[in-house]
Amino acid sequence: MAETKGKVITCKAAVAWGPKEPLVIQEICVDPPQKMEVRVKILYSSICHTDLGAWTGVNEAERAFPRILGHEAVGVVESVGEGVKDVKEGDYVIPAFNGECGECRVCTKEESNLCERYKVDPMKRLMVSDGGTRFSTTTTKDGGSCQSQPIYHFLNTSTFTEYTVLDSACIVKIDPNAPLKQMSLLSCGVSTGVGAAWNTAKVKEGKTTAVFGLGSVGLAVAEGARARGASRIIGVDANASKFEKGKLMGVTDFVNPKDLTKPVHERIQELTGGGVDYSFECTGNVDVLREAFLSTHVGWGSTVLVGIYQTPRTLPLHPMELFDGRTITGSIFGGFKPKSQLPDFAKQCMKGVVKLEPFITNELPFEKINDAFQLLRDGKSLRCLLQISKFLKK
């Protein structure tokens, strides 16, 4: 890719110009990477509910338009900026919305994966090095240069484009022999869910779990619990059509709130003789969170928050309820430190420890991105994979 190194690239991107407006496939300019940045050719990108939330503009404070969304992807390094040592041109990589600089006091400790400088920040829309963007609209004049109406970045990644620029802390090198389509899932959904079971809850063999919300992340939690030998995995969802897919991920029992005349937590207590060892809330609904908390066993039950909560409502718990020995904690990106831990996780997926194929339910060309968004909105897709650009392996 020496012919583009150091130059502005003109390529296609899906630009969000306003809340709920159809994404526009148009030509944009992508600047070369600056110091400690990497420019990546995106091969495949899938769509997550977080993209959907940003597009609808549910949280006004997070709005920034025009913007290039997308954060689940896989690509190949086109060029690197000054100082980048861990990846080079031609490497296959996945973007990480929750970065890892490897040097701050958080990155050098095991207790957290929230890098001080590059942790996930939905408010962030500019690059760290200079506070600018690497994207702009294209208006060609006599000199053929790009006029700079800036286009904002999203979640350290912006993958709905043929080329993107990321901080090197937000790039993870993967095995060149890995199945590329499936590797895109490790950028968010699967890592978030499996990691919540493995790293945050630390599910142990023979223990019982309940997963509230059987979307991609919830099913990834179930898959992670299955891989760790959980004896019982109870899936909770009001959409009965998700139950068949849940069986593939190890779900052993299903609870549909619509079918009950009692609270969900009471039904789970009946099924398990007092409650599960671990519960996972994956819907982003605080009322569901309360049910998840109460579904765990008194004395040792653990609840993990995985969903994204859009409303300003606070935790639906009385402080005294924590005196019964149950705990509640949050999980970001499944507790994975991306650069140091995801490559090994990717190898485990390649060996079949975690099954990735069932998560990809639809595939569409890049030009059909608005159709892909609609599939997700309608609940007809776990992950719809978009082929952003073509690239032949060496």
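User: Why is R313 called partly exposed?

Analyst: R313 has a relative accessible area of 47%. Buried means under 20%, exposed means over 50%, and partly exposed lies in between, with a 1.4 Å probe and protein chains only. So 47% makes R313 partly exposed. A word on the source: this is a predicted model, where local features need pLDDT of at least 70, side-chain atom pairs count only at pLDDT 80 or more, and totals for chains, interfaces and linings use all residues. Residues are numbered from 1 along each chain as its sequence is written, and side-chain values use heavy atoms, leaving out hydrogens and water.

User: What makes R313 and D287 a salt bridge?

Analyst: A salt bridge needs a side-chain nitrogen of Lys or Arg within 4 Å of a carboxyl oxygen of Asp or Glu. Here the N to O distance is 2.9 Å, so the pair qualifies. The pair links distant parts of the chain, 26 residues apart: R313 is in the loop between β14 (302–305) and β15, while D287 is in helix α7 (residues 286–294). Helices (H or I, at least four residues) and strands (E, at least two) are DSSP runs, numbered from the N terminus.

User: How do you know that R267 and E270 are about one helical turn apart?

Analyst: Both are in helix α6 (residues 264–272), and being 3 residues apart there separates them by about one helical turn.

User: Why are F97 and F333 called edge-to-face?

Analyst: Rings of Phe, Tyr and Trp (its six-membered ring) pair if their centres lie within 6.5 Å; planes under 30 degrees apart are stacked, over 60 edge-to-face, and the rest tilted. The centres of F97 and F333 are 5.2 Å apart and their planes are at 75°, so this pair is edge-to-face. F97, at 8% relative accessible area, is buried, and F333, at 2%, is buried too.

User: What makes S279 buried?

Analyst: Its relative accessibility is 0%, so S279 counts as buried. S279 lies in strand β13 (residues 278–281).

User: How do you know that R228 sits over the ring of W198?

Analyst: The rule asks for NZ of Lys or CZ of Arg within 6 Å of the ring centre and within 35 degrees of the ring normal. The charged end of R228 is 3.8 Å from the centre of the W198 ring, and it sits over that ring. Likewise, R326 lies over the face of F293, at 5.0 Å from the ring centre.
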